[in-house]
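User: Hi, I'm new to this one. Can you put it up and walk me through?
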Amino acid sequence: MDSQDIIQHFAEQTHPDELEQFDRASIKELIEQHDTPFMVLDLEEVDYQYKSLQAALPNVKLFYAIKSLAHPQLIKRLKSLGSYFDLATIGEVELVESLGVKGEQCIHTHPIKKDKEIQRALDFGCTRFVVDNEEEVKKFYKYAGQVELIIRVSFRSQQAVVDLSRKFGCTLEELPVLVSMAQENGVTVSGLSFHVGSQSLSPMTQVNAIRSSIAAMKVMNHVNWKFLDIGGSFPVHYQEAVLPIVDFCAPLNEALAELPAGIEVFAEPGRFISGPSMIEVVSIVGKAKRGARTWYYLDDGVYGGFSGQIYDHAQYPIVPLKPIDPTGEFFPSVLAGPTCDSIDVVAEDIELPDMKVGDILIGKQMGAYTIASATEFNFYPKPKVVVVEDIFDPETDALK
Ligand SMILES: Cc1ncc(COP(=O)(O)O)c(C=O)c1O
């Protein structure tokens, strides 16, 4: 598939009508047991997302990016599926260690670290670290012989919702300098990595990054290259349809086939695994007619589970739990969070049937970068996470 085909394919996707696919009974049962707001983590969906990505990238080792959703049961489930883990902080090291993950199953991908963070990861047995600048390479001189460095290169992406290469990654021109500095000081360089940005809508930036990385490896043939790490970025279906994962990954596999023999490929998926695995259940606690629109006040908002709308630029699909008559009347509505801040608005200009105080709404695709960045502003507690098996339909990402 070339980029034109991909754009065409993307344009042909339609947003499926998921409203009628709810297992309302299961959600109602959970509501009887738990006060809203709460999030529902479906471990079967975790399986499905992990296996789909692994099937789409058969020759790639998947290192789950814990930062997207650091729930112990999700990590245990991924461990049982054979996943590896991408760590970035001492807290993440301690979490996976407490769950029986081994250091050699992990890579440390934060390009900027304190010495105590390097030491803690090494104590855990994680020896592969990402660096992207001279100061960071110098921090590893004293660990020569104990570590393998993976150098992160920046490839900017217009297609990604979150452009991570703005903040991290060296240029291809800087790469040889970092390699020489490490090697002259006895520090092993084994790999290259990149992250073209999260929620990437086209695979072509990743394809170009793979090709440029392979070319750089071939030019620097004095290095014993062992790994190419293609980062995260695999997209999920929020308001807009995205390419099916098999189609997204097909051009990546084609580009990866050009790698010299013996180089292992890693990926660091976060959103693709955690995003569709969780929903949030919220209640309407207030209602006011303001001008032409009805404002509904929910018991959670952008300071809580919906925080990804601010930090992650996500717009979650939000639908009422009660069955909707598609031929009925819809009204321009606003969904607002409970805090006193005016930024705490979850959805503007959403068309909804007439709703009552006490009615339930469901936010979907809410696993990635949601509870992870939630706060307790105004003393509203973060929504708790209820763990279940098998209440979503993985084919549609909808509740069954
Ligand atoms: C270093 C690194 N790896 C992996 C990820 C996960 O990316 P995604 O959620 O797009 O898969 C991130 C996200 O911020 C990251 O910073």
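User: Which side chain does the side chain of Thr 109 make a polar contact with?
Analyst: That of Asp 86, at 2.5 Å. A polar contact is a pair of N or O atoms within 3.5 Å; within protein, one must be able to donate a hydrogen and the other to accept it, and residues adjacent in sequence count only if both atoms are side-chain atoms. Before we go on: this is a predicted model, where local features need pLDDT of at least 70, side-chain atom pairs count only at pLDDT 80 or more, and totals for chains, interfaces and linings use all residues. Residues are numbered from 1 along each chain as its sequence is written, and side-chain values use heavy atoms, with hydrogens and water left out.

User: Where is Thr 109?
Analyst: In the loop between β4 (106-108) and α6 (115-124). Helices (H or I, at least four residues) and strands (E, at least two) are DSSP runs, numbered from the N terminus.

User: Is Thr 109 buried or exposed?
Analyst: Thr 109 is buried, at 6% relative accessibility. Buried means under 20% relative accessible area, exposed over 50%, partly exposed in between (1.4 Å probe, protein chains only).

User: What is Thr 109 in contact with, leaving aside neighbours within four places in sequence?
Analyst: Lys 67, Asp 86, Leu 87, Val 130, Arg 152 and Glu 268. Contact means heavy atoms within 4.5 Å.

User: Zooming out. How many helices and strands?
Analyst: The chain has 12 helices and 20 strands. Buried residues are 56% of its 400 residues.

User: At what angle do α3 and α10 pack?
Analyst: About 35 degrees, with axes 9 Å apart. Here α3 is residues 43-56 and α10 is residues 245-256. Axes are lines fitted to C-alpha atoms, for helices over the stretch in contact, and angles run from 0 to 180 degrees between N-to-C directions.

User: Which residues make that contact?
Analyst: From α3, Ser 52, Leu 53 and Ala 56. From α10, Ile 245, Val 246, Cys 249 and Asn 253.

User: New topic. Where is there a cis peptide bond?
Analyst: Between Thr 36 and Pro 37, with omega about 0 degrees. Pro 37 sits in the loop between α2 (24-33) and β1 (38-42). Most peptide bonds are trans.

User: Which residue other than glycine has a positive phi near 70 degrees?
Analyst: Asn 378. Its loop runs between β17 (360-363) and β18 (384-388). Asn 378 is partly exposed, at 33% relative accessible area.

User: And which one is near 55 degrees?
Analyst: His 313, also with a positive phi. His 313 lies in the loop between α12 (308-311) and β14 (318-320).
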